[in-house]
Amino acid sequence: MFRIAAALFAFALPATALAQDLSPTELAAIDKSVSEALAETGVPSVQVAVVRGNRVVLERAWGKTSETIPGPRTDLPYPIASNSKQFLGALLLMLENDGKLRMDDKVAKWYPNVSGARDITIRQLLAHTAGLQDYWPQDFAFAAMEQPVAPEGIVARWGMKPLDYAPGTRWQYSNTGYVVAGMIAEKVGGAPLWQQFEQRLFKPLGIKAVPIDAAVGPRFPQGYTRVALGPVRPVVQPARGWLWAAGEAAVTAGDLAKWNIARLNRTLLPREDWEEMERPVRLADGASTGYGLGVSMRETNGRRVIEHGGAAIGFLSQSAVWIEDGISVTVLTNAEFARVQDRLTNRIAEIVLPPSPQASTGETARANDARAQLEALIAGRFDPARFTENGQYYFKPQVLADFRESLAPLGPLTAFEPIRTPRLRGGFVNRNYRLTFGMKKLILVSYSEPGPQGRWEQFMVMPE
């Protein structure tokens, strides 16, 4: 089933919008990739939505939705589980804007019996740095899930255990933290969590979401499992309450794409709130977690990606936003095996993204030269001809010695990866690279003169 945005009314669109539509070649490549993935893995069905130019340009489904709905459907909601965490992050930022809480308020203000409540902040709950033990690390249904549960029951069993670590000192995924955060949102928001989601997030964006516990039965997609290489079998969903706040929603790929468009356009929330959600939280020692408030961040080939995945019983999802490119890819599956959602998200992104700024011959040459100069410094060699006058001034004997003595013991440089699109600053081009020395990761911040042979102004190596 296809829906290609505005295909029937293309004559009325400006040329700039038409340029964003997927070409027949791109559509064929996506269809081939999805069809092959389903055939190879046995995953019954997939929903895909693609945003380009800040609008939905593809919404399509493949495969079998359920035993009672044999064909593909784009209009039926799939449980997205932890992809819902970004909704709770957004709602709590809205409540902060209302003056009802602060992200750095302590949990004890509302729930003093939670372990570590006097030390844990709302921000740490959302960032998975609170230290609360995760009640569902298995991603399969365990025995207790045969009975319904209330949020208070989850907190009583897992949220009052000794903390796994001191708040803010480590990152460890914790659905328990999101249950506590959801309880706070209900208390300060004065309404059930789902009601707040609908009124403040979904209705303004035209999203038709369903609570995950209600998306069960013959009218909804069926989830499937597979043990090793055995047959694909339907799964039984957990009893009510087990994904409350930690994975609350079931939506279509097209509706999750509407949320991604709001992120791209910085609508619904103030721009600074979106940026706060997307800012990696740092640990007490200054190390980045790579995770914000309900979303994770990465940079690949110079592109910044905001993303999250979701794992429900019988369902997997992935939704990624290439923030500077105005593109998102959402993949929903009704299978808890094979991880087709990750494979297809990356493959479809390769098809629809413009050429990487780091893929050009010039950028490859610059990266190769940066690596060569860094490895020379680590070996105790310095080529002043490759550096500006300021660069030569910076690399005094003590600086050269510090480079050599601190980095050489780390062993060979095993990976050198661009992590930011080159940008101008002060007349120089700033390029950043991730360095890998075995298990150790560092960042190289570099500045150079413009042009393919421009000399290097600065090399700064620092912890990631």
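The model is predicted. It has 28 salt bridges and 23 aromatic pairs.

**Salt bridges**

- Arg55 forms a salt bridge with Asp21, with their closest N and O atoms 2.7 Å apart.
- This pair links distant parts of the chain, 34 residues apart. Arg55 lies in strand S3 (residues 55-63). Asp21 lies in the loop between helix H1 (15-18) and helix H2 (24-41).
- Arg55 has a relative accessible area of 18%, so it counts as buried, the cut-off being under 20%.
- Lys64 and Glu67 also meet in a salt bridge, at 3.2 Å from N to O.
- Lys64 is partly exposed, at 32% relative accessibility. Glu67 reaches 52% and therefore counts as exposed, since exposed means over 50%.
- Glu375 and Arg371 form another salt bridge, at 3.3 Å from N to O.
- Both Glu375 and Arg371 sit in helix H11 (residues 361-378). They are four residues apart, about one turn of the helix.
- Glu375 is partly exposed, with a relative accessible area of 34%. Arg371 is also partly exposed, at 26%.

**A three-stranded sheet**

- Three strands make an open sheet, in the order S4-S8-S5. The pairing is antiparallel.
- Strand S4 (78-79) and strand S5 (210-211) are the edge strands. Each pairs on one side only.
- S5 and strand S8 (residues 249-251) run antiparallel and are joined by two bridges.
- Val210 has Ala250 in S8 as its bridge partner.
- In general, strands of a sheet pair through backbone hydrogen bonds.

**Aromatic pairs**

- One of the 23 aromatic pairs is Trp158 with Trp242, in an edge-to-face arrangement. The ring centres are 6.1 Å apart, with 80 degrees between the planes.
- Trp158 and Trp242 link distant parts of the chain, 84 residues apart. Trp158 is in helix H5 (residues 151-158). Trp242 is in the loop between strand S7 (232-234) and S8.
- Trp158 is buried, at 7% relative accessibility. Trp242 is buried too, with a relative accessible area of 4%.
- Trp171 and Tyr291 form a tilted pair, 5.8 Å centre to centre. Their planes stand 50 degrees apart.
- This pair links parts of the chain 120 residues apart. Trp171 lies in the loop between H5 and helix H6 (175-189). Tyr291 lies in the loop between helix H9 (271-277) and strand S9 (296-300).
- Trp171 is partly exposed, with a relative accessible area of 35%. Tyr291, in contrast, is buried at 4%.
- Ring pairs also build a cluster. Its members are Phe382, Phe387, Tyr394, Phe395, Phe403, Trp456 and Phe459.

**Charges over rings**

- Arg366 places its charged end over the ring of Trp456, 4.5 Å from the ring centre. Trp456 also belongs to the aromatic cluster with Phe459 and others.
- Lys85 lies over the face of Tyr178, at 5.2 Å from the ring centre.

Methods: Residues are numbered from 1 along each chain as its sequence is written. This is a predicted model: local features need pLDDT of at least 70, side-chain atom pairs count only at pLDDT 80 or more; totals for chains, interfaces and linings use all residues. Side-chain values use heavy atoms; hydrogens and water are left out. A salt bridge is a side-chain nitrogen of Lys or Arg within 4 Å of a carboxyl oxygen of Asp or Glu. Buried means under 20% relative accessible area, exposed over 50%, partly exposed in between (1.4 Å probe, protein chains only). Two strands pair if DSSP finds at least two bridges between them. Rings of Phe, Tyr and Trp (its six-membered ring) pair if their centres lie within 6.5 Å; planes under 30 degrees apart count as stacked, over 60 as edge-to-face and the rest as tilted. A charge sits over a ring if NZ of Lys or CZ of Arg is within 6 Å of the ring centre and within 35 degrees of the ring normal.
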